[in-house]
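Open the model in your viewer and get ready to select a few residues by number. We will go from stop to stop, and at each one you will read what is there.

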Amino acid sequence: MKILSFTLALILLLLTSSYLQSTMAASDFCNSKCNGRCSAAGKTQRCMRYCLMCCQECKCVPSGTYGNKDECPCYRDKVSPITKRAKCP
């Protein structure tokens, strides 16, 4: 019984660590891309919040500080359920 518990705990630990590594790698990508994208924004905090949400879901961010959304169709087509307008900066 102890061996089974130990084995399950070890498997859970391995799965958790691999998930955390992939999540951290994605957030580094999104942080760097969104910092560039929002560098010229008047409301940087709001831009970063929406950009990071969109990047994490779409796994891409258009180049430049404005426009170029055709480079990332998922990012371009994101809409807010409340306003039905695009929410990604």
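**A tour of the disulfides and the core**

The link of cysteine 38 and cysteine 47 is left-handed, with -80° about the S-S bond. Keep in mind as you look that this is a predicted model. Select both residues and show their side chains: the sulfur atoms of cysteine 38 and cysteine 47 are 2.0 Å apart and form a disulfide. Are these two cysteines buried or exposed? Both cysteine 38 and cysteine 47 are buried.

A disulfide is a covalent bond between the sulfur atoms of two cysteines. How many disulfides does the structure hold? There are 5, and two further ones come next on the tour.

Now select cysteine 30 and cysteine 55, which are joined by a disulfide with an S to S distance of 2.1 Å. Which parts of the chain does this pair tie together? Cysteine 30 lies in helix H1 (residues 2-37) and cysteine 55 lies in helix H2 (residues 44-58), so the link connects parts that are 25 residues apart in sequence. Turn the view to look along the S-S bond: the torsion there is about -85°, so this disulfide is left-handed. Cysteine 30 is buried, at a relative accessible area of 2%, and cysteine 55 is buried too, at 0% relative accessibility.

Next, select cysteine 60 and cysteine 72, where a disulfide has an S to S distance of 1.7 Å. Cysteine 60 and cysteine 72 both sit in the loop between H2 and helix H3 (73-77), 12 residues apart. Why is this disulfide called right-handed? The torsion about its S-S bond is about 55°, so the link is right-handed. Cysteine 72 counts as buried, with 1% relative accessibility.

Time to go inside. In soluble globular proteins, nonpolar side chains tend to be buried together. The largest nonpolar core here has 14 residues, and the members that touch the most others are Cys34, Cys51, Val61 and Tyr75. H1 and H2 are the elements that give two or more residues to this core, and the largest share, 6 residues, comes from H2. Select cysteine 34 and look around: leaving aside residues up to four places away in sequence, cysteine 34 touches Met48, Cys51, Leu52, Cys55 and Val61.

For the last stop, select arginine 49 and tyrosine 50. Arginine 49 lies over the face of tyrosine 50, at 5.1 Å from the ring centre. If you search for aromatic pairs, the structure holds 0 of them.

Technical notes: Residues numbered from 1 in each chain as written. Predicted model: local features only at pLDDT ≥ 70, side-chain atom pairs only at ≥ 80, totals over all residues. Heavy atoms only, no water. Phe/Tyr/Trp six-rings, centres within 6.5 Å; stacked < 30°, edge-to-face > 60°. Lys NZ or Arg CZ within 6 Å of the ring centre and 35° of its normal. Disulfide = S-S within 2.5 Å. Helix = DSSP H or I, 4+ residues; strand = E, 2+ residues; numbered from the N terminus. Buried < 20%, exposed > 50% of the residue type's maximum accessible area, 1.4 Å probe, protein only. Core = buried A, V, L, I, M, F, W, Y, C linked by side-chain atoms within 4.5 Å. Contact = heavy atoms within 4.5 Å.
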